[in-house]
Amino acid sequence: MSIITDNKVLVNICSGLKSKNKVTLGLLAALAAENEGHQVTLFLDGNGVNILNCKTAGEIVGKETGDLYKHLENLKNTTITIYVSEMSAKSRGYDNTLLHGYKAEFATPNVLIEESIKADSVLCY
């Protein structure tokens with residue numbers, strides 16, 4: 001456990017599924033930060049919204065950064081706040097079903113700005 005706890009961490013994932021290491025590392029970092037006692041917010045935008053569509057273990061696996069599906073399953077059992085860019089999702093053909101199973105909600109760009117201002121640390125992948 002870190003001696004520095006209870007910080008606000010924003011993890012922004014805008015990379016898509018072709019960037020396996022970035023998306024898996026982003027989720028790994030979010031999960032690790034929460035495990036260390038930090039308040040974590042995850043914001044998915046751009047091609048990053050596609051990660052919630054991963055439905056099979058082994059489909060997307062990063063080098064030494066884990067399995068995207070397993071990270072997503074672990075994410076469901078956390079207190080991490082998840083925002084998904086509504087504009088990015090809708091422009092890629094997604095609707096509310098993308099959010100099913102997650103403690104997530106659609107958000108606008110102003111939420112990303114607000115969360116980045118409130119955060120002590122911002123990590124972008």
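1. Lys76 counts as partly exposed because its relative accessibility is 26%, where partly exposed is the range between buried (under 20% relative accessible area) and exposed (over 50%), using a 1.4 Å probe and protein chains only. Its partner is Glu73: the two side chains form a salt bridge at 2.9 Å, N to O. A salt bridge here is a side-chain nitrogen of Lys or Arg within 4 Å of a carboxyl oxygen of Asp or Glu. Glu73 is partly exposed too, at 28%.

2. A word on the source: this is a predicted model, in which local features need pLDDT of at least 70 and side-chain atom pairs count only at pLDDT 80 or more, while totals for chains, interfaces and linings use all residues. Residues are numbered from 1 along each chain as its sequence is written, and side-chain values use heavy atoms, with hydrogens and water left out.

3. Glu86 and Lys90 meet at 3.1 Å, N to O. Both sit in helix H3 (residues 86–91), four residues apart, about one turn of the helix. Glu86 is partly exposed at 29%, and Lys90 is partly exposed at 49%.

4. Helix H4 (residues 109–118) holds Glu115 and Lys118, three residues apart, about one turn of the helix. Their side chains form a salt bridge at 3.0 Å, N to O. Is Glu115 buried or exposed? Glu115 is buried, with a relative accessible area of 10%, whereas Lys118 is partly exposed at 48%.

5. Now the fold. The protein has four helices and seven strands, and from the N terminus the order is β-α-β-β-β-α-β-α-β-α-β. Helices (H or I, at least four residues) and strands (E, at least two) are DSSP runs, numbered from the N terminus.

6. For overall size, a compact globule of 125 residues would have a radius of gyration near 14 Å, and the protein agrees with 13 Å. That radius is taken over C-alpha atoms, and the globule rule is 2.2 Å times the number of residues to the power 0.38. Along the principal axes, the C-alpha atoms fill a box of roughly 40 × 35 × 25 Å.

7. Of the 125 residues, 46% count as buried. Among contacts (heavy atoms within 4.5 Å) between residues at least 6 apart in sequence, 73% join residues at least 24 apart.
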